[in-house]
Amino acid sequence: MNQDDMLRLFEDSGALLRGHFKLTSGKHSDVYYEKFTLLKQPATCTRICEAMADIFRDSGVQTVVGPTTGGIIIAYDVARYLGVESIYAEPGEDGRVFKRGFSLEKGRKVVIVDDVLTTGRSIFEVIDLVESYEADIVGISEMLDRSNGTVKFDYPFKALTTVAADAWEPDDCPLCKKGEPITQRGSRRF
Ligand SMILES: [Zn+2]
């Protein structure tokens, strides 16, 4: 699957919406990604995870790590395709932590995966966690990159698809200026 096929998959799943949205941050945007609309559809989700697994097929990866919550599902399915283990990183008091007996030995080859890249915060937290075990991060992948190229990692990174998405403070929102009503989620698609 190329980028366009992948984008179509996101659109057809109903997870990628175009309109006039109020984000959790309070900013307004022309794109909204409802990740669990996709993650609740295993048949579609697994096709994306297979493509993600293909990126790392020859990397010698031993463990796939994802941050809660969507990252649990993705890490599990990517690891299934690769025939390796998957673990997940949960919020701790200061950044992310492994619980449930999860651990990484020094030098273990790790891939970090998640669903959507916006600020990269959860991925940066997982990087800190994995580095604290002195494991070897061979790559990072996201299903969808909506960061507009603003997030940079010190490790190889690949998103399966990217979508141009602007976000504005409400006072600067061009859609508000045009008088467009806030879109009720799920009512419009690309
Ligand atoms: Zn607006």
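Glu134 is exposed, with 11 other C-beta atoms within 10 Å, where exposed stands for 12 or fewer such neighbours, buried for 20 or more, and partly exposed for anything in between, with the C-beta atoms placed from the backbone. Before I go on, please keep in mind that this is a predicted model, in which local features need pLDDT of at least 70 and side-chain atom pairs count only at pLDDT 80 or more, while totals for chains, interfaces and linings use all residues. Residues are numbered from 1 along each chain as its sequence is written.

Glu134 sits in the loop between helix H5 (121-132) and strand E7 (136-145); helices here are DSSP runs of H or I with at least four residues, strands are runs of E with at least two, and both are numbered from the N terminus. Although it is not a glycine, Glu134 has a positive phi of about 55 degrees. Most residues other than glycine have a negative phi, and most peptide bonds are trans.

Where is Asn148, another residue that is not a glycine and has a positive phi? Asn148 lies in the loop between E7 and strand E8 (157-162), its phi is about 55 degrees, and it is partly exposed, with 14 other C-beta atoms within 10 Å. The peptide bond from Thr68 to Thr69 is cis, with omega near 0 degrees, and Thr69 belongs to the loop between strand E3 (63-67) and H4.

That brings me to the helices. Helix H3 (residues 42-55) packs against helix H4 (residues 70-82) at an angle of about 60 degrees, with the axes 8 Å apart; the axes are lines fitted to C-alpha atoms over the stretch in contact, and angles run from 0 to 180 degrees between N-to-C directions. H3 is therefore oblique to H4, since angles under 35 degrees count as roughly parallel, over 145 as roughly antiparallel, 65 to 115 as roughly perpendicular and the rest as oblique. Among the residues making this contact are Cys45 and Cys49 of H3 and Val78 and Leu82 of H4, contact being defined as C-beta atoms, placed from the backbone, within 7 Å.

Finally, leaving aside neighbours within four places in sequence, Val64 is in contact with residues including Val78 and Leu82. Val64 and Val78 are also among the members that touch the most others in the largest nonpolar core, which has 47 residues; such a core is a set of buried Ala, Val, Leu, Ile, Met, Phe, Trp, Tyr and Cys residues joined through C-beta atoms within 7 Å.

Conventions:
Contact = placed C-beta atoms within 7 Å.
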